[in-house]
Amino acid sequence: MEKEILFFTVTGCDGFDCTLKNISENEGIGIYEFGLSWDLSNITQDSRFKFKWSIPMVGFMYRWTPDCKFERNTSMNWGKWCSSMISSSAPLNSFYDGNSVNHYTWALSECAKLVHYQSGVYEETGELECTFELPVKQYTNLNSASISVRIDRRSIPICEAVKSVSEWWSDDCGMTPAYVPQAAKESVYSFWYSYHQKLSAKTIEEECKRAKSLGFNVCIVDDGWQTDDSNKGYAYCGDWEAAVSKIPDMAAHVRAVHNIGLKYILWYSVPFMGPKAKKYNEFKDMTLCFQQGNNTAVLDPRYKKVRDYLISIYKTALIKWDLDGFKLDFIDEWRELDEGIPPYNPNMDIPVLYDAVDTFMTDVMCELKSIKPDIMLEFRQKYIGPNMRKYGNMFRVGDCPDDILSNRVGVLDLRMLMGNSAVHSDMLMWNKDETPEMSALQIISVIFGVLQYSQRLEEISEETLKMTKFWISFMREHKALLLDSTLMAYEPQLLYTWAKATKDNECITVVYTPDKCVKPDMTDIIYIVNGSESKRIIAEICAEYSAKTLNCLGEIVNEKTILTNGITEMAVPIGGMTVLNKI
């Protein structure tokens with residue numbers, strides 16, 4: 001089957017059909033809904049629908065996708081393919097110019113099932129060729145489906161174009177985001193990089209006291225609480241009982257942390273069932289695969305017994321230990337495998353992996369929220385698509401220890417996509433001998449997200465502690481402006497050179513690149529933060545302001561009046577800022 005429908009070329013196997021069900025075109029946005037049907041007797045492992053269309057590649061040079069990381073180029077039509085599914089990424093491609101203005105953004109309504117897609121240059125014509133493929137095998141026992149393609153041609157900032165896709169998913173496609181409690185937007189102290197698996201109740205409680213004195217209100221206890229083994233890997237995951245040698249009374253320990261004044265979130269590697277777990281033999285035949293590198297099996301959520309077991313683990317922990325949230329890790333291991341996943345059998349109650357993940361995660365959030373309405377669930381890249389926003393309310397940048405660039409790019413990418421969900425940095429860490437100024441740059445790099453911090457507090461200098469306390473205080477004081485207002489992040493093709501947020505006549509502008517001229521909004525109060533290694537800031541200021549300059553410790557180093565109607569240069573220490581008050 002091959003059909004030309006509008007400007008789309010749709011192909012499929014014999015017995016396949018595609019019809020245009022509905023068109024909505026308004027003010028530069030087109031939504032095209034297609035009905036797909038097929039003959040079940042013709043379905044093979046490779047059966048798929050393929051959509052292809054082209055546009056002139058004029059006026060734009062860059063591409064943004066939810067998991068593009070450092071690759072912002074347009075690529076070739078014979079280059080690598082991307083994939084999205086419920087547990088990985090989202091089907092969205094945005095093409096823009098050097099002024100961060102959208103030219104062409106396309107997205108799909110199917111965010112749960114597996115979709116392969118590609119957008120690349122057709123070198124013979126200089127056109128951009130857009131393609132996506134939808135495997136049919138995943139629609140077990142069904143003979144029809146529908147999918148919508150949304151195309152945005154408006155000349156608007158790319159931030160707004162991506163945000164409007166996110167709103168379409170949540171408002172029109174039924175992927176309503178989970179409630180976000182206020183605690184999900186409080187700075188977090190994490191025990192992963194600072195302690196790894198070398199944990200004890202005493203160690204955690206002592207560090208929580210230090211963290212509280214700096215302004216942290218949430219802690220995450222990571223891998224190691226459930227095992228005496230310190231060889232990494234996940235052989236001992238699956239039973240989820242506290243290692244009594246480390247935490248002899250988990251309920252009393254959590255209560256002690258609560259008394260210090262911190263919320264308590266506990267880590268679980270959701271799909272892993274290691275061979276050292278007591279439950280391993282019971283579940284070893286209900287797995288997708290065994291990962292030799294991680295030394296663990298991956299449970300198969302198509303079995304109701306698997307889903308019920310995991311949910312019972314979290315419910316019991318929540319009730320028995322009075323946790324405030326869960327760091328649910330490795331959900332992205334529930335994916336299509338290169339060698340394929342085990343075939344459906346009658347012991348499974350859900351035939352399709354992605355449907356089973358959806359059912360499981362929906363039930364997890366429902367069950368836990370019924371016990372504690374303000375429960376926090378943390379996910380991380382790559383499982384950051386709109387379906388995941390239905391179940392989680394904290395979305396963290398993927399692991400990038402001591403990597404200021406990955407953390408900055410990750411936070412700003414997620415802020416464009418995640419709406420009002422809490423976007424968290426990866427845990428900050430650095431060498432204990434690093435200077436306060438360079439350490440401050442790490443915090444400033446993620447200032448438009450929720451700070452996660454994982455530095456051993458007893459090992460760092462008094463100056464670095466003072467710097468940390470200053471910036472945590474600033475981020476809390478301006479939380480609504482930093483996290484909840486409209487964020488404009490500029491030049492994503494250069495991995496974001498500067499960004500700003502404005503609300504209630506205040507503007508916070510952060511510059512990440514030396515000698516970049518920034519343009520804050522001329523509000524009554526302007527904070528210009530130096531997130532670069534330069535000792536000056538260049539800004540376009542068109543009013544009279546009093547200026548107060550602070551170093552990275554929050555100490556005032558200069559005060560003066562600025563009267564300008566154009567570009568001005570200001571001396572600002574590395575990791576510091578200038579506060580402008582309109583006269």
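Me: Why does Tyr234 count as buried?

Reply: This is a predicted model, in which local features need pLDDT of at least 70, side-chain atom pairs count only at pLDDT 80 or more, and totals for chains, interfaces and linings use all residues. Residues are numbered from 1 along each chain as its sequence is written, and side-chain values use heavy atoms, with hydrogens and water left out. Tyr234 has 15% relative accessibility, and buried means under 20% relative accessible area (exposed is over 50%, partly exposed in between, with a 1.4 Å probe and protein chains only), so Tyr234 counts as buried.

Me: What makes Tyr234 and Trp267 an aromatic pair, and why is the pair called tilted?

Reply: Rings of Phe, Tyr and Trp (its six-membered ring) pair if their centres lie within 6.5 Å, and planes under 30 degrees apart count as stacked, over 60 as edge-to-face and the rest as tilted. The centres of Tyr234 and Trp267 are 6.2 Å apart with 35° between the planes, so the two rings pair and the pair is tilted. Trp267, at 1% relative accessibility, also counts as buried.

Me: Why is the pair of Phe51 and Phe132 called stacked?

Reply: Among the 43 aromatic pairs, Phe51 and Phe132 lie 4.6 Å centre to centre with 10° between the planes, and therefore meet the limits for a stacked pair. Phe51 is buried at a relative accessible area of 0%, and Phe132 is likewise buried at 0%.
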